[in-house]
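Reader: Could you walk me through this structure, and explain the terms as they come up?
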Amino acid sequence: MTNPAIKLSDVSFDYEDMAMRFDLAVAPGDFLAIIGPSGSGKTTLLNLIAGFETPAGGHIELDGLDVTALPPGMRPVTMLFQDHNLFAHLDVKTNVGLGISPALKLTAADHERIASALNRVGLTGFERRLPGQLSGGERQRVALARALVRDKPVLLLDEPFAALGPALRREMLDLVAEIHRERAMTVLIVTHQPEDARHAATRTAFVNRGRVLAMDETEALFTTANIPELAGYLIG
Amino acid sequence: MATRSRNLPAILAGSIGLAGLATVMAGALVALTLTAVATPGGGSWDDYLWRVVRFTLWQAVLSTVLSVGLAIPVARAIARRRVFPGRGPLLRLFALPLALPALVVVLGIVDVWGRHGWAAKGLALLVDDGSMPNIYGLTGILLAHVFFNLPLAARLMIMHLERIPGENWRLASQLGMGAGAIFRFIEWPALRAGLPGIAGLVFMLCIASFTVVLTLGGGPAATTIEVAIYQALRFDFDPGRAVILALVQLGMTAVLIALGMRLTMPAVTTPSLNRPILRPDCAKLAGRVGDGMVIALAALFIVLPLIALTVSATAAPMGKLLGEAIVWQAILTSLAIGATAAVLCITLAWSLLIAAHAAKRMPGTSWWKAGFIMACGSGGSLILVMPPIFLGAGWFVLLHGLGEGFALAPAVVVTINGLMALPYTLRILGPAHASAAADHDRLCDSLGISGWNRWRLADWPVLRPAFGLAFAFAMALSLGDLGAVALFGSEDLTTLPLLILQRMGSYRTADAAGLAFMLAIFCLILIIGAERATAKTDNGR
């Protein structure tokens with residue numbers, strides 16, 4: 001039996017007046033959607049995995065390795081935020097290049113990797129553009145290209161496409177799903193749209209008041225779950 | 001038609017204000033030009049003038065480089081440490097130098113860095129023949145300018161650094177950036193966006209610095225244009241030379257402002273989600289010690305002269321001073337001039353604001369309407385092109401030519417002090433007026449509330465804190481001003497700063513320290529009181 005790609009054991013975290021407590025195990029190569037009401041702790045869950053928040057107790061393992069004490073840069077994780085994924089004053093190529101070397105020391109091979117990553121997300125020819133000259137979807141593509149060159153086994157996405165329209169959102173989800181297949185990454189995506197989960201995620205977890213209340217195959221979770229909180233979240 | 005008659009009083013008020021401004025400025029300009037033309041050979045371009053112009057620019061360049069250059073590590077250290085005991089008071093302390101009259105600061109700086117100052121005494125304990133460099137001359141001018149402008153520049157830079165979106169820091173920690181990469185890719189670009197504006201502001205302030213150069217500058221080797229104008233008028237009785245200098249000054253500021261407009265491009269800002277800050281470069285011990293030392297040194301540099309001034313004030317013969325009739329006369333004159341100048345300044349600022357707004361609301365478009373709006377909008381900034389000494393020199397020449405001498409002096413000092421504060425007052429009242437207008441215009445129009453009733457019921461209750469703050473700033477600025485009163489002062493017209501200068505000139509240092517302390521207290525009461533009042537109403541809302 002292989003190690004889970006992501007494993008949270010009894011991870012506690014106090015956010016304002018809510019005591020959160022997470023237990024979660026994600027198998028390697030899973031595409032997991034995380035849904036739940038606003039303020040339920042979805043983003044905190046990702047922040048704990050990425051290392052932006054420090055748990056009060058418990059352990060976080062990535063691929064069998066305890067990373068609880070590691071700083072964000074040392075964890076085998078890439079995280080995409082909803083906004084500000086790029087440095088506004090640096091061009092597309094430099095933004096991607098920073099994913100390879102934080103001091104921007106790039107070899108010829110690195111330049112090739114950047115070019116192929118940009119090609120993969122459909123942004124060949126955009127190298128010298130500044131983020132301000134791109135659309136919202138294009139900016140997130142650049143961030144995805146950086147995730148590609150970083151080549152970490154875990155990709156965390158925090159409502160990355162919430163600001164995009166429905167069609168574009170589906171297109172971006174498809175791109176993430178393709179990358180997920182090609183690279184055999186473990187993907188966690190926080191979303192507010194149940195249809196996003198249905199569209200792309202093999203499994204879905206429901207988070208409520210700082211706890212993972214349910215996790216199952218996406219369709220199974222939506223159709224057979226008899227959890228009042230989930231029904232309340234979905235139907236109102 | 002109803003709108004037109006309702007807008008008319010405001011437009012009339014603005015027209016009167018503009019006419020007043022134009023008279024003051026044109027009067028100075030015409031008087032100076034006529035004198036220049038009528039003075040045969042008196043105001044020729046010679047070595048002395050060259051030296052003065054060169055020194056003016058040179059000291060301003062050095063002051064700017066030092067202030068801004070030293071402010072970068074200070075701002076970076078403070079911005080890196082979001083939470084440390086005393087951060088709030090430290091930022092307050094950094095706001096203090098600009099609120100204090102230059103003369104007060106100069107006394108404190110001499111106490112610390114002068115030949116027999118604290119630094120010299122400290123050095124003597126360490127080294128046998130340790131002696132401080134002479135503070136009078138370029139050294140002292142630079143020290144004082146850095147004292148004023150380093151905290152100002154640092155505060156502006158901290159603002160830029162704190163505007164960096166939180167996601168950038170998360171990204172930096174995910175990418176594993178070290179302190180060097182963070183400075184290169186995050187901090188420096190954020191600073192660079194603000195740097196031209198900050199450096200330009202500091203440069204303008206140093207070019208126009210009068211009190212510091214007058215008191216710390218020494219002889220012809222360390223004289224700026226403003227001080228040279230003063231000396232030409234009050235000591236050499238050479239209006240021709242003063243005129244040439246004043247016109248050079250006018251040309252220089254005009255060029256600088258034209259350059260400055262091109263330099264300060266607005267930075268592109270992206271609004272950020274409000275998240276707690278997690279910086280990867282703050283945990284290391286070396287960084288913490290380094291930041292702590294930088295912050296401590298900066299705080300010491302600012303606080304030492306203020307403590308020194310307080311200490312020498314405790315040794316000052318306060319009882320004797322308060323028994324002197326001339327001291328009371330100076331205090332009362334200062335307060336009267338300051339209050340009048342502040343009222344004049346606020347009235348003028350308000351009339352310009354409401355006139356521009358009323359003109360915008362008038363139906364139709366025409367060139368005169370656009371011109372009027374522009375005149376109201378930029379009128380307040382003209383004082384930056386024609387600094388107080390320029391206006392003072394012009395009216396000095398004009399009134400002496402008319403044989404009026406010092407009869408109108410108080411009115412001129414009040415006017416110049418009032419105009420001097422105009423840009424600051426506009427910066428406080430402008431946004432307040434705009435937001436009140438946006439909130440009230442349509443509501444008042446629909447309810448038919450206008451004129452005095454609108455002012456009394458709708459605008460004044462909302463605007464009162466802004467007016468209070470504007471008044472306090474204008475009055476504090478006027479209280480501390482030495483420029484206008486140095487030109488027009490006499491036995492009949494002595495303000496506190498002038499009295500301090502006289503006591504310094506006759507080496508009665510203890511007297512000067514005591515008076516400076518009083519002046520500082522007046523200014524601090526005004527500023528702190530006004531800020532308290534503003535904060536209180538903000539909380540109440």
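This is a predicted model: local features need pLDDT of at least 70, side-chain atom pairs count only at pLDDT 80 or more; totals for chains, interfaces and linings use all residues.

Reader: Which helix does A:N47 lie in? And does A:N47 count as buried or exposed?
Author: A:N47 belongs to helix α1 of chain A, residues 42-50, where helices (H or I, at least four residues) and strands (E, at least two) are DSSP runs numbered from the N terminus. A:N47 counts as buried because its relative accessibility is 4%, and buried means under 20% relative accessible area, exposed over 50% and partly exposed in between, with a 1.4 Å probe and protein chains only.

Reader: OK, salt bridges next. How many does the structure hold over all chains?
Author: There are 21 salt bridges over all chains, each being a side-chain nitrogen of Lys or Arg within 4 Å of a carboxyl oxygen of Asp or Glu. One of them joins A:D10 to A:R21, with the closest N and O atoms 2.9 Å apart. That pair links distant parts of the chain, since A:D10 is in strand β1 (residues 6-15) of chain A and A:R21 is in strand β2 (residues 18-26) of chain A, 11 residues apart.

Reader: What about A:E217 and A:R203?
Author: Their side chains also meet in a salt bridge, at 3.5 Å from N to O. A:E217 lies in strand β10 (residues 211-217) of chain A and A:R203 in strand β9 (residues 203-208) of chain A, so the pair ties together parts that are 14 residues apart in sequence. A:E217 is partly exposed at 44% relative accessibility, and A:R203 is partly exposed at 22%.

Reader: Switching to chain B, which residues are linked with B:R508 in a network of salt bridges?
Author: The network links B:K320, B:E324, B:R503, B:R508 and B:D511. Within that group, the side chains of B:R508 and B:D511 meet at 3.6 Å, N to O; B:R508 counts as partly exposed at 39% relative accessibility, whereas B:D511 is buried, with a relative accessible area of 4%.

Reader: How many helices and strands does chain B have?
Author: The secondary structure of chain B comes to 23 helices and zero strands, and buried residues make up 51% of its 541 residues. Among its contacts between residues at least 6 apart in sequence, 82% join residues at least 24 apart.

Reader: Last topic, the aromatic rings: how many pairs are there?
Author: A search of the whole structure finds 11 aromatic pairs over all chains, where rings of Phe, Tyr and Trp (its six-membered ring) pair if their centres lie within 6.5 Å, with planes under 30 degrees apart counted as stacked, over 60 as edge-to-face and the rest as tilted. Among them is the tilted pair of B:F183 and B:W188, at 6.2 Å centre to centre and with 35° between the planes. Ring pairs also link B:W113, B:F147, B:F148 and B:F301 into a cluster.

Notes
Residues are numbered from 1 along each chain as its sequence is written. Chains are lettered from A and ligands numbered from 1 in the order in which they are written. Side-chain values use heavy atoms; hydrogens and water are left out. Contact means heavy atoms within 4.5 Å.
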